[in-house]
Amino acid sequence: MGRYGLTLPLRGVPLHRHRALVEELPDLGYTDVWTGEAAGYDGFTPLALAAAWAPALRLGTGVVPVQTRGPALLAMTVASLAEAAPGRVVVGVGSSGPPFVTRINGIPFERPYRQVRDTVRFLKQALAGRTVQGAFDSFTIERYTPVLRPDPVPPVMMGALGPQMLRLAGREADGLVTNFLAAADVPRVRAAMGEAGRTKEVVARLFVCPTKDRDHARWQGRQLLGPILNARTYGGFHDWLGRGEELAASHAAWAAGDFHGACAAVPEHLVDALLIHGSPGECRERVAEFVAAGVDTPLLAVLPVPEFGAGPEGMRDTLRALAPQT
């Protein structure tokens, strides 16, 4: 296996207690740390800390929304991080959703496809040190001349789910960031990127629950997947993957306001496909299945489990158990 990454921050561990855990990651065989961004931690602070704590790790955003920062501010933030960690930064951008764009930030959620496309185009020019000006479909830039010109230029990757966004990622971005899919879905996702995307990197966040207690893992999986699979974007993604009928009961419960019913109605076989669980060895085998299917960089999003205990010590033991060299 080549790259083997983790999602930061680690669950159940305060950010100020990450240092010892992150410093150990390269020795365990981890190569990457990536962040997301919704309504909790921002996508850059954990990476800035990791840049100082572990100079061997590649740092990626997987993903930050294009709607909640202006394009120049986003370019400046990426360039600043790239100056702190030259050659180790990847920026992944994508569309968020109305709960995070409009409800908590007061920003209209409009034309997400165009805004993602325009932001990718802007970033590729700005991070290469070129002046950007003119009218894009979703914003107009009077004139932006970058002061920071990172060398090497950070790759610009794209979060994508449906076929239209996947084609865009294959055509215009330097790679794809995806999540909440089964290993069997990976070839279809790669094919949807088109010919231009055949050789581009695919990064996948994989949720991992390293426990032999199948009932506990499936309970955790349903609590995680119920809201996700009933979100407009992910529901549409799994409809496209052919799961509309098997998720119909969950969708109906969600529409009726029955959160618990929506979670309980996620089929067991789908929980098993979307949430990696079992012993640490079994979990590594499942991760390897995703790699064999076409994922270049698996990112483990680790769920705490009773076997390893809570807090930083429990997470340390969990990461050691899941490490690729174990």
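Select Val-63 to begin: this residue lies in strand β3, which spans residues 58-65. The model in the viewer is a predicted one. As background, most peptide bonds are trans.

Is β4 covered or open to the outside? Colour its residues in two groups to examine the two directions in which they point. Val-89, Val-91 and Val-93 point one way, while Val-90, Gly-92 and Gly-94 point the other way, and all of them are buried.

Next, select residues 297-302, which form strand β11. Here too six of six residues are buried, and the strand is mostly covered. On one side are Thr-297, Leu-299 and Ala-301; on the other are Pro-298, Leu-300 and Val-302. Both faces of β11 are covered.

Which strands pair with β11? One is β9, residues 201-209, which pairs with β11 in the parallel sense over six bridges. Within this pairing, show Val-203 of the chain together with Thr-297, its bridge partner in β11. Another is β1, residues 5-8, which runs parallel to β11 and is joined to it by two bridges. To locate this second pairing, display Leu-6, which stands opposite Leu-300 in β11.

Follow the chain onward from β1 and select Leu-8 and Pro-9. A cis peptide bond joins these two residues, with omega of about -10 degrees. Pro-9 is found in the loop between β1 and α1, the latter being residues 19-28.

Now select Pro-312, whose place is in helix α14, residues 311-322. Its relative accessibility is 11%, and Pro-312 therefore counts as buried. Which residues does Pro-312 touch, leaving aside those up to four places away in sequence? They are Val-13, Arg-17 and Leu-21. Use the distance tool on the C-alpha atoms of Pro-312 and Arg-17: the two residues are 295 apart in sequence, yet 7.0 Å apart in space.

**Two helices side by side**

Hide the previous selections and show helix α5, residues 112-127, with helix α6, residues 163-172. Two packed helices are described by the angle between their axes and the distance between the axes. For α5 and α6 the angle is about 10 degrees and the axes are 11 Å apart. The two helices are therefore roughly parallel to each other. From α5, the contact is made by Pro-112, Tyr-113, Val-116, Arg-117, Val-120, Arg-121 and Lys-124. From α6, Gln-164, Met-165, Leu-168, Arg-171 and Glu-172 take part. Sorted by class, the contact comprises six nonpolar, one polar and five charged residues.

**Two residues with positive phi**

Select Arg-111, in the loop between α4, residues 98-103, and α5. Its phi is near 45 degrees, a positive value in a residue other than glycine. As a rule, most residues other than glycine have a negative phi. Arg-111 is partly exposed, with a relative accessible area of 42%.

Then select Phe-180, in the loop between β8, residues 175-179, and α7, residues 186-192. Phe-180 is not a glycine either, and its phi is positive, about 50 degrees. Is Phe-180 buried or exposed? At 6% relative accessibility, Phe-180 counts as buried.

**Two cysteines to finish**

A disulfide is a covalent bond between the sulfur atoms of two cysteines. How many disulfides does the whole structure contain? A search finds zero.

How values were computed: Residues are numbered from 1 along each chain as its sequence is written. This is a predicted model: local features need pLDDT of at least 70, side-chain atom pairs count only at pLDDT 80 or more; totals for chains, interfaces and linings use all residues. Side-chain values use heavy atoms; hydrogens and water are left out. Buried means under 20% relative accessible area, exposed over 50%, partly exposed in between (1.4 Å probe, protein chains only). Helices (H or I, at least four residues) and strands (E, at least two) are DSSP runs, numbered from the N terminus. Two strands pair if DSSP finds at least two bridges between them. Axes are lines fitted to C-alpha atoms, for helices over the stretch in contact, and angles run from 0 to 180 degrees between N-to-C directions. Angles under 35 degrees count as roughly parallel, over 145 as roughly antiparallel, 65 to 115 as roughly perpendicular and the rest as oblique. Contact means heavy atoms within 4.5 Å. Ala, Val, Leu, Ile, Met, Phe, Trp, Tyr, Cys and Pro count as nonpolar, Asp, Glu, Lys and Arg as charged, and the others, Gly among them, as polar. A disulfide is a pair of cysteine sulfur atoms within 2.5 Å.
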